Amino acid sequence: MTAELLINVTPSETRVAMIEEGILQEIHIEREESRGIVGNIYKGKVSRVLPGMQAAFIDIGLEKAAFLHAADIIPHTECVSEKEKQNFPCKDIAQLVHQGQDIVVQVVKDPLGTKGARLTTDITLPSRYLVFMPGASHVGVSQRIDEEEERKRLKELVEPYCDGQGGYIIRTAAEGVSEKELKQDAAFLKRMWNKVIERRKRHNTSKHMLYGEIGVAQRLIRDFVGEELSLILVDAKLAYNELKEFTDEFIPELSDKIEYYRGEAPIFDMYNTEKEIQRSLNRKVSLESGGDLIIDQTEAMTTIDINTGAFVGRRNLEDTIYNTNLEATQAIARQLRLRNLGGIIIIDFIDMQLKAHRTKVLSTLEQALSHDKAKTNVHGFTQLGLVEMTRKRTRESIEHILCGTCPTCNGRGTVKTIDSVCYEILREITRVNRAYNADKFVVYAAPAVVENFQDGESHALAELELFIGKPVSLRVEPLYVREQFDVVMM
């Protein structure tokens, strides 16, 4: 399956859309304000050594000096063997570094408030499947890969790439991948590290960045090495030049596929990309047959409910349900990628009586999910007829990036009815009247609430005035939302 990348760049935001067969499948968004310097590699200078804190301050060219602890000078990753760690027996910061010394460091924590960045000398370069560890000579495997045979297979495939320059950690995402993909990742990381070495030799002065953590567009292009990527369109000239330079250096096989978009219409108008992004925020997803999905994302899990909707079928109810569920599997797989939903996912397919139908729906869902780069596990039907599955969290969901808590309902997803607000106001007047001595009351409320008091609930307000023996007047407050009101004593 061939894919295209559409890259929309503005000064404050970069959006990358992945299109397969003319349909939006993934959207990646990165905002400048949220980009930090974690992962950047600098050639710095030790400006001060603090033996009492077992730490040193490193000048890497930022406003505040960065912080390097003695524990972060000694290799500590699983890729370094215990024997290699013995080459760094000294833990006294005064013996590890000295003032004025040039040192290559990597940022592990962004500056925060008055504190500078946190550094390490244990350099790592990540890619899609591997993490390169300069100076190491062993291969480590992520502990999340449980099967011993798979761990052994991956280790045997990657060990030949340890040629003296460094070792590797095999990431969880590498489970099940081929030798070709691992080889491409290793080659990419080697080229990246060689560029860091070249820049270090080229720049004699300290306080220089040797490697900057790549942006979302470069990361996606890197991850597509070896994939059927037919076209990369970029709508900003500067970003186009940067991508060309990046691919020329590190991924030359993709360099010819990058083009500068010169169209008059916005690039995301192609394939209705902008409209599809807006639709991805809707709770309801319509199926072509007339059925629909209802997707609810919560803190604990995501639930997906399938309904036949307007689809009545042609033969019988069981076939109608079966065909709707089959169609839903494709839509679910796409929505999980598009919305980037992760964690626990519960799918409530329409109940099927035939075991063969349930088996086919489950296998079709697994087949549809096989195109997803994020790791998924489908655990089958439960006793309640629900399908349990998990999807690895790789980044924030599109809803969390584009949306915030509703100021009207405060995240509940519903608001009180107008009648409920009216009765709440009546109770508040009664409470205040018992607690304080007032001559009359003025209620400030939203227009719809005041209108309801003047119409449907006018009798309730009149009865309250008789009960408390005091007049109550209403005032419209146009800026108030439905649930907002004030009871003022006069």
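Predicted model: local features only at pLDDT ≥ 70, side-chain atom pairs only at ≥ 80, totals over all residues.
Is Arg118 buried, partly exposed or exposed, and what is its relative accessible area? Arg118 is partly exposed, with a relative accessible area of 31%.

**Salt bridges**

Side chains of opposite charge can pair when their charged atoms come close. A search of the whole structure gives 20 salt bridges. Three of them are listed here.

| Pair | N to O distance | Sequence separation |
|---|---|---|
| Asp72 and Arg118 | 2.8 Å | 46 residues |
| Lys195 and Glu249 | 3.7 Å | 54 residues |
| Arg412 and Glu483 | 2.6 Å | 71 residues |

Take Arg118 and its partner. The closest N and O atoms of Asp72 and Arg118 are 2.8 Å apart. Asp72 sits in the loop between strand 6 (66-69) and helix 1 (82-85), and Arg118 sits in strand 8 (residues 118-120), so the bridge ties together parts that are 46 residues apart in sequence. Asp72 counts as buried, at 13% relative accessibility. Arg118, in contrast, is partly exposed at 31%.

Next come two helices. A salt bridge joins the side chains of Lys195 and Glu249, at 3.7 Å from N to O. Lys195 belongs to helix 4 (residues 179-202) and Glu249 to helix 6 (residues 237-250), so this pair links distant parts of the chain, 54 residues apart. Glu249 is partly exposed, at 25% relative accessibility.

The side chains of Arg412 and Glu483 form a salt bridge of 2.6 Å, N to O. Arg412 is placed in the loop between helix 11 and helix 12, while Glu483 is in the loop between strand 23 (472-476) and strand 24 (485-489); the pair therefore ties together parts 71 residues apart in sequence. Arg412 is partly exposed, with a relative accessible area of 45%.

**A negative patch**

Asp146, Glu147, Glu148 and Glu149 form a negative surface patch. Asp146 lies in the loop between strand 11 (139-141) and helix 3 (148-158). Its relative accessible area is 64%, so Asp146 is exposed.

**Positive phi angles**

For Gln54 the angle is about 50°. For Asn410 the angle is about 55°. Gln54 is in the loop between strand 4 (41-50) and strand 5 (55-59). Asn410 is in the loop between helix 11 (398-402) and helix 12 (418-435). Arg412 is placed in the loop between helix 11 and helix 12 too.

How exposed is Gln54? Gln54 is partly exposed, with a relative accessible area of 23%. Asn410 is exposed, at 58%.

**A buried threonine**

Thr14 is part of strand 2 (residues 13-20). Is Thr14 buried or exposed? The cut-off for buried is under 20% relative accessible area. Thr14 has 13% relative accessibility, so Thr14 counts as buried. Leaving out residues up to four places away in sequence, Thr14 touches Ile7, Asn8, Val9, His28, Ile29, Glu30 and Val216.

Terms used: Residues numbered from 1 in each chain as written. Heavy atoms only, no water. Patch = residues over 30% accessible without salt bridge, like charges linked within 9 Å, V, L, I, M, F, W, Y side chains within 5 Å. Areas by Shrake-Rupley, 256 points an atom, 1.4 Å probe, with all protein chains shown as cover. Salt bridge = Lys/Arg side-chain N within 4 Å of Asp/Glu carboxyl O. Lys, Arg positive; Asp, Glu negative; His and termini not counted. Charge placed at Lys NZ, Arg CZ, Asp CG, Glu CD. Helix = DSSP H or I, 4+ residues; strand = E, 2+ residues; numbered from the N terminus. Buried < 20%, exposed > 50% of the residue type's maximum accessible area, 1.4 Å probe, protein only. Contact = heavy atoms within 4.5 Å.
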